[in-house]
Amino acid sequence: MLGEFREFIAKGNVMDLAVGVIIGGAFATITGSLTADLIMPFVGWIFGGVDFSSKFILLGSVPDGVAATDYTKLKEAGVAMIGYGAFITAVINFLILAFVIFLLVRWVNKVMRRAPDAPAGPTEVELLAEIRDELRKK
């Protein structure tokens, strides 16, 4: 069983997947920072200083000692609320990540030029016409 496991791990696809997951996790951290630290403050500034990360709608009562405007404290206290600002930030984060992956795949496709397609053989109609012509000759 140990030998089978070693063989499974040594396969190229498994190692490629592992490397991809690790790099993807690191890249997601970078993209999260780009969104939270650079893009969302700029978007907030455009909309008049709005901080999207703290935009929410309360659905439950606020416990004593917690400010009704402090999103993180309310979340820690388990208050029911809709954090639409965090959702907007996550959507922007996803769009940035998807766009960068699109650019990466596009670049890889250009770099890794595919081999030219094999020349196509004659079509069925062309083959039948050849057979007909050969039969007429005989």
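Let's start with Tyr84, which is partly exposed at 34% relative accessibility. Here buried means under 20% relative accessible area and exposed over 50%, with partly exposed in between (1.4 Å probe, protein chains only). This is a predicted model, in which local features need pLDDT of at least 70 and side-chain atom pairs count only at pLDDT 80 or more, while totals for chains, interfaces and linings use all residues. Residues are numbered from 1 along each chain as its sequence is written, and side-chain values use heavy atoms, leaving out hydrogens and water.

**A nonpolar patch**

Tyr84 lies in helix 4. Helices (H or I, at least four residues) and strands (E, at least two) are DSSP runs, numbered from the N terminus. Tyr84 also belongs to a nonpolar surface patch, together with Ile57, Leu59, Ile82, Phe87, Ile88, Val91, Phe94 and Leu95. Patches are built from residues with over 30% relative accessible area and no salt bridge, joining like charges within 9 Å and nonpolar side chains (Val, Leu, Ile, Met, Phe, Trp, Tyr) within 5 Å. The patch has about 860 Å² of accessible area in total, found by the Shrake-Rupley method with a 1.4 Å probe, where for residues only the protein chains shown count as cover. Which helix gives the most to the nonpolar patch? Helix 4 (residues 84–111) does, with six residues.

**Aromatic pairs**

Rings of Phe, Tyr and Trp (its six-membered ring) pair if their centres lie within 6.5 Å; planes under 30 degrees apart count as stacked, over 60 as edge-to-face and the rest as tilted. By this rule there are three aromatic pairs. One of them joins Phe99 and Phe102, with ring centres 6.4 Å apart and planes at 35 degrees, so the pair is tilted. Phe99 and Phe102 sit three residues apart in helix 4, separated by about one helical turn. Phe102 is partly exposed, at 47% relative accessibility.

**Salt bridges**

Side chains of opposite charge can pair when their charged atoms come close. A salt bridge is a side-chain nitrogen of Lys or Arg within 4 Å of a carboxyl oxygen of Asp or Glu. The count by this rule is two, and here they are:

| Salt bridge | N to O distance |
|---|---|
| Arg132 and Asp133 | 3.2 Å |
| Lys137 and Glu134 | 3.7 Å |

Arg132 is partly exposed at 41% relative accessible area, and Asp133 is partly exposed too, at 34%. Is Lys137 buried or exposed? Lys137 is exposed, with 66% relative accessible area, whereas Glu134 is partly exposed at 44%. Lys137 and Glu134 are three residues apart in helix 5 (residues 124–137), so about one helical turn separates them.
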